[in-house]
Amino acid sequence: RRTKSQRIGEKGEALYREWAVDNGLTSQKVEADYGVDFFSQTFKPVRAGAEEVTGSVLAVQVRSVEGKQRKRIKLDRSDAENALRFRIPYCLIAIDTSEKRVYHRFLDEDFLIELDTFLHSSNHSLSMGLSSLGQGPDKFQTDLRRVSEQGYQYRLRIRKAEHDIRSDIP
């Protein structure tokens, strides 16, 4: 049996693969899915029609929605914990399969604080409206360049450590 939710997820992953090619990424599906659906190598344009690999890898979690209902995605506690463990850029991709639109949210300092706050609450899930996520290839490329910088990832690890220390020391 295949549920409606599984069909929507499959459509979303297929749309991500197509979108990734058009946005300078590969889409390597993770065989054993423990919170991340794809590892994507990043490319940069070098001349008209040609790209070269940058050496950066992106961890991608895909969430899909379909229909006319309120466009929201949910993360559970294990999703949030996993996102905070990555030492490479992490991106939550939300796909509206009805409209074939792709939204994104990179793990940055604001998202780190949001996930940390959620984990220290009694809530079982974190809900996000698609309108609160980034959209469009230019915004995606700008955000990807920012979070892919080594210095940015080092600062993010320091912020993660500071939050862990604050939560462990009263």
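**View 1. Overall fold of the predicted model**. The protein has five helices and eight strands. Read from the N terminus, its elements follow the order α-β-β-β-β-α-β-β-α-β-β-α-α. The radius of gyration is 16 Å, close to the 15 Å from the globule rule for 170 residues, so the protein is as compact as a globular protein of that length. Its C-alpha atoms fill a box of roughly 55 × 45 × 30 Å along the principal axes.

**View 2. Burial, surface and charge of the protein.** Of its 170 residues, 42% count as buried. Take the contacts between residues at least 6 apart in sequence: 62% join residues at least 24 apart.

**View 3. The hairpin of S5 and S6**. Strand S5 covers residues 90–96. S5 and S6 run antiparallel, joined by six bridges. Ile95 stands opposite Val102 in S6. Four residues lie between the two strands. Lys100 takes a positive phi near 55° in this hairpin.

**View 4. Strand S6 and its pairing with S8**. S6 spans residues 101–106 and is mostly covered. Five of its six residues are buried. Strand S8, residues 134–135, pairs with S6 in the antiparallel sense. Two bridges make up this pairing. His104 stands opposite Gly134 in S8.

Technical notes: Residues numbered from 1 in each chain as written. Predicted model: local features only at pLDDT ≥ 70, side-chain atom pairs only at ≥ 80, totals over all residues. Heavy atoms only, no water. Buried < 20%, exposed > 50% of the residue type's maximum accessible area, 1.4 Å probe, protein only. Pairing = 2+ DSSP bridges. Rg over C-alpha atoms; globule rule 2.2 N^0.38 Å. Contact = heavy atoms within 4.5 Å.
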